[in-house]
Amino acid sequence: MRSETETRWMVLGTDGRHVSLGRTEPSEAEITAASDALATQGLSGWLARMQGEYYSRGNVRLEPLQRIGTPRDADWQAALTAFHAARHSMIT
């Protein structure tokens, strides 16, 4: 059992789709590239920090840091619920 908690930076879409940007804080250029990639597809999302082991059955915590992609209203709680559902289907 690990005594420390893993931290990752993630892009979380409004529908729960997500991608890891890595374990180190992304640069402004990386954030801009992720935002532009979402906007090109007409999507919106968040840059988020995740704490916890992604591939374990335990809980992980996501903290929204910045809105990215196409500017529009989006529901963080709905995106978070969809993220957890997608993650749990991958690890069970």
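Biologist: What makes the contact between E6 and R8 a salt bridge?

Modeller: The closest N and O atoms of E6 and R8 are 2.6 Å apart, and a salt bridge is defined as a side-chain nitrogen of Lys or Arg within 4 Å of a carboxyl oxygen of Asp or Glu, so the pair qualifies. Please bear in mind that this is a predicted model, in which local features need pLDDT of at least 70 and side-chain atom pairs count only at pLDDT 80 or more, while totals for chains, interfaces and linings use all residues. Residues are numbered from 1 along each chain as its sequence is written, and side-chain values use heavy atoms, with hydrogens and water left out.

Biologist: What makes R49 and E63 a link between distant parts of the chain?

Modeller: Their side chains meet in a salt bridge at 3.0 Å, N to O, and the pair joins strand β3, which holds R49, to strand β4, which holds E63, across 14 residues. Strands (E, at least two residues) and helices (H or I, at least four) are DSSP runs, numbered from the N terminus.

Biologist: Why is the pair of W46 and W76 called edge-to-face?

Modeller: Rings of Phe, Tyr and Trp (its six-membered ring) pair if their centres lie within 6.5 Å, and planes under 30 degrees apart count as stacked, over 60 as edge-to-face and the rest as tilted. The ring centres of W46 and W76 are 5.1 Å apart with the planes at 80°, so the pair is edge-to-face. Since W46 lies in strand β3 (residues 44–51) and W76 in helix α2 (residues 76–91), the pair ties together parts that are 30 residues apart in sequence. Both W46 and W76 are buried.

Biologist: How do you know that the charged end of R87 sits over the ring of Y54?

Modeller: The rule asks for NZ of Lys or CZ of Arg within 6 Å of the ring centre and within 35 degrees of the ring normal, and the charged end of R87 is placed over the Y54 ring, 5.8 Å from its centre. Y54 itself has a relative accessible area of 8% and is therefore buried.

Technical notes:
Buried means under 20% relative accessible area, exposed over 50%, partly exposed in between (1.4 Å probe, protein chains only).
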